[in-house]
Amino acid sequence: MAHGFGPGTMTLAAIGCGTGFGVGLVVIVRGLLRRDPDDPGVGGPGLGHAVVRLLPAGWTSRRMVTAAVGGLVAGAVTSWPVAGILTAVGVLTLPGLLGSDRGAARRTERLEALATWTEMLRDTLAAAAGLEQAVLATAGIAPAALKHELQHVARALRSGRPLPGVLRDFARSADDPLADVVVAALVMAAEQQTSHLSRLLGELAEAVREQVAMRQRVSAGRASVRTGIRVTVIVTLGMAVGLVVLNRPYMAPYDSLSGQAVLAVVGALFAAGFVCLTVIGRLDEPVRLLGPAAQQEEAVAAGKGDLR
């Protein structure tokens with residue numbers, strides 16, 4: 001081997017890198033996930049929560065353990081430390097790249113549920129019921145995609161909490177720009193007794209359904225892009241695995257330290273290419289009306305008013 005690195009040395013290095021990367025990743029992420037959001041410790045209550053929110057939702061504990069084990073096995077079999085790290089990263093990221101777009105399907109389902117609930121509110125208000133009574137009446141028969149959030153709304157209202165605050169909490173849990181628009185209309189009606197609320201809710205429900213139809217058309221167009229991504233990734237990984245298993249002498253240059261550096265660069269280039277393919281099929285979300293930034297501005301404005 002070049003540079004004096006034998007198979008035993010490279011195998012030990014691969015096992016060490018794979019183990020360190022996998023165990024470190026699992027420990028760090030699980031530590032963040034276990035952190036109490038109300039803990040006033042170092043970094044403030046929002047630091048761990050903010051970091052966790054940056055992680056993909058699919059990075060479950062099971063997948064992280066699988067990534068650690070896969071990286072360890074790949075490093076031991078190939079005697080390449082970089083192969084262990086790339087395998088661990090691939091196990092974490094490729095399922096989301098190759099699998100179905102469950103996030104978009106779930107959001108479309110929640111938008112349909114939002115439109116249905118908005119229409120329920122409109123019809124209930126048309127029967128001369130008050131807004132709070134209408135919310136309570138529709139929460140129990142809400143569509144399944146929003147049933148948990150609306151049941152929480154009903155419990156909060158029955159406990160005596162004011163309707164505007166409960167609706168803002170619902171917007172926070174729904175975490176959707178269109179839900180913010182519906183909630184803003186309901187809060188305005190609750191605080192200022194806005195007239196023609198039933199007609200407004202009907203128009204909002206129609207707008208939400210148009211958004212659902214648009215997303216379904218976009219998803220159909222993205223299906224071909226995701227298919228191309230799957231084919232590219234599968235062919236690339238299949239060729240790499242085939243060369244390692246069936247023609248190992250051809251891959252001998254990677255056994256050296258400089259070969260590992262080259263492998264790291266090649267892996268980084270492929271990762272960048274996969275990221276670009278993912279960005280092509282991504283749909284940007286609009287700015288939220290009642291998002292964290294808007295809520296922070298509202299709190300600041302309220303604080304200034306109290307000072308006066």
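Trainee: How many salt bridges does the structure hold?

Mentor: The model is a predicted one. The number of salt bridges held by the structure is 8.

Trainee: How many residues apart in sequence are the parts tied together by arginine 168 and glutamate 191?

Mentor: The side chains of arginine 168 and glutamate 191 meet in a salt bridge of 3.4 Å, N to O. Arginine 168 belongs to helix 8 and glutamate 191 to helix 9, so the parts that this pair ties together are apart in sequence by 23 residues.

Trainee: Is aspartate 255 buried or exposed?

Mentor: Arginine 248 is partly exposed, with a relative accessible area of 27%. A residue counts as buried under 20%. The relative accessible area of aspartate 255 is 10%, so aspartate 255 is buried.

Trainee: Why do the buried residues of helix 6 lie on the same side?

Mentor: In helix 6, the buried residues are Leu131, Ala134, Val135, Thr138 and Ala139. They lie on the same side of helix 6 because the arc that they cover around the axis is only 125°.

Trainee: Which residues does threonine 138 contact, leaving aside its neighbours within four places in sequence?

Mentor: Threonine 138 is found in helix 6. Threonine 138 is buried, with a relative accessible area of 1%. Apart from neighbours within four places in sequence, its contacts are Trp117, Met120, Leu121 and Thr124.

Conventions. Residues are numbered from 1 along each chain as its sequence is written. This is a predicted model: local features need pLDDT of at least 70, side-chain atom pairs count only at pLDDT 80 or more; totals for chains, interfaces and linings use all residues. Side-chain values use heavy atoms; hydrogens and water are left out. Buried means under 20% relative accessible area, exposed over 50%, partly exposed in between (1.4 Å probe, protein chains only). Helices (H or I, at least four residues) and strands (E, at least two) are DSSP runs, numbered from the N terminus. The arc is that of the directions from the helix axis to the C-beta atoms. Contact means heavy atoms within 4.5 Å. A salt bridge is a side-chain nitrogen of Lys or Arg within 4 Å of a carboxyl oxygen of Asp or Glu.
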